[in-house]
Amino acid sequence: MTSKERAELKSQAMTMDSIFQIGKASLTPQMTQAIRDALHARELIKISVLKNCTDDPKELARILAERTGSQVVQVIGKKIVLYKLNPEKEKKRKDAAKK
């Protein structure tokens with residue numbers, strides 16, 4: 001991912017709400033699967049790490065990226081932004097651009 005692409009994704013993430021919250025239970029297999037599904041549907045997601053989670057947000061972001069095949073766009077405080085390109089959506093965008 002280039003710095004230009006990362007900057008564009010960061011700007012898109014600024015207006016987004018978090019769709020997941022990681023709490024006391026930290027990362028469960030169910031949470032990881034739900035995040036994987038959300039990345040497939042949305043490509044770009046924001047996750048909040050709650051105060052009662054004792055894990056480091058940067059470490060959680062690295063683990064999630066590894067387990068979901070996504071890329072960490074940014075980690076600011078207790079917010080994580082992940083991105084994973086969906087090839088089906090990319091094809092639809094290219095087809096729509098041709099019309």
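A crossover between two strands is right-handed if, with the strands pointing away from the viewer, the path from the first strand over the helix to the second runs clockwise. Keep that in mind for the first stop. The model on screen is predicted.

**Stop 1: the β-α-β unit**

Select residues 20–22, which are strand S1, then residues 29–42, helix H2, and then residues 44–49, strand S2. Together S1, H2 and S2 make a right-handed β-α-β unit. Turn the view until the strands point away from you and follow the path over the helix to check the hand. S1 and S2 pair in the parallel sense, with three bridges between them. To find one of these pairings, show Gln21 and look across to Ser48, its bridge partner in S2.

**Stop 2: helix H2**

Stay on residues 29–42. How far apart are the end C-alpha atoms of H2? They are 20 Å apart, which agrees with the 20 Å that its 14 residues should span at 1.5 Å a residue.

Now show the side chains of Met31, Thr32, Ile35, Ala38 and Leu39, which are buried in H2. Looking down the axis, you will find the buried residues of H2 within an arc of 125 degrees, so they line one face of the helix. Which elements do they pack against? The partners are S1, S2, S4 and helix H3 (57–68). Pro29 and Gln30 are on the other side of H2, and they are exposed.

Step past the end of the helix to Glu43, which follows H2 and has a positive phi, near 75 degrees.

**Stop 3: strand S2**

Select residues 44–49 again and show the side chains. Are the residues of S2 buried or exposed? Six of the six are buried, so the strand is mostly covered by the cut-off of under 20% relative accessible area. In a regular strand the side chains alternate between the two faces of the sheet. In S2, Leu44, Lys46 and Ser48 are on one side, while Ile45, Ile47 and Val49 are on the other. Both of these faces are covered.

S2 is also joined to S4 by five bridges, and these two strands run antiparallel. Show Ile45 and look for Leu82, which stands opposite in S4.

**Stop 4**

Select residues 71–76 for S3 and residues 79–83 for S4. The two strands pair in the antiparallel sense over five bridges. Gln74 has Val81 in S4 as its bridge partner. How many residues lie between S3 and S4? The hairpin has two, and in the turn Gly77 has a positive phi of about 60 degrees.

**Stop 5: the salt bridges of H3**

Finish with residues 57–68, helix H3, and show the side chains of Glu59, Arg62 and Glu66, which are linked in a network of salt bridges. A search of the whole structure finds two salt bridges.

Begin with Arg62 and Glu59, whose closest N and O atoms are 2.5 Å apart. Both residues lie in H3, three residues apart, about one turn of the helix. Then move to Arg62 and Glu66, where the N to O distance is 3.3 Å. This pair is four residues apart in H3, again about one turn.

Arg62 counts as partly exposed, at 41% relative accessibility. Glu59 is partly exposed, with a relative accessible area of 35%, whereas Glu66 is exposed, at 61%.

Notes: Residues numbered from 1 in each chain as written. Predicted model: local features only at pLDDT ≥ 70, side-chain atom pairs only at ≥ 80, totals over all residues. Heavy atoms only, no water. Pairing = 2+ DSSP bridges. Buried < 20%, exposed > 50% of the residue type's maximum accessible area, 1.4 Å probe, protein only. Expected span 1.5 Å × (residues − 1). Arc of directions from axis to C-beta. Contact = heavy atoms within 4.5 Å. Salt bridge = Lys/Arg side-chain N within 4 Å of Asp/Glu carboxyl O.
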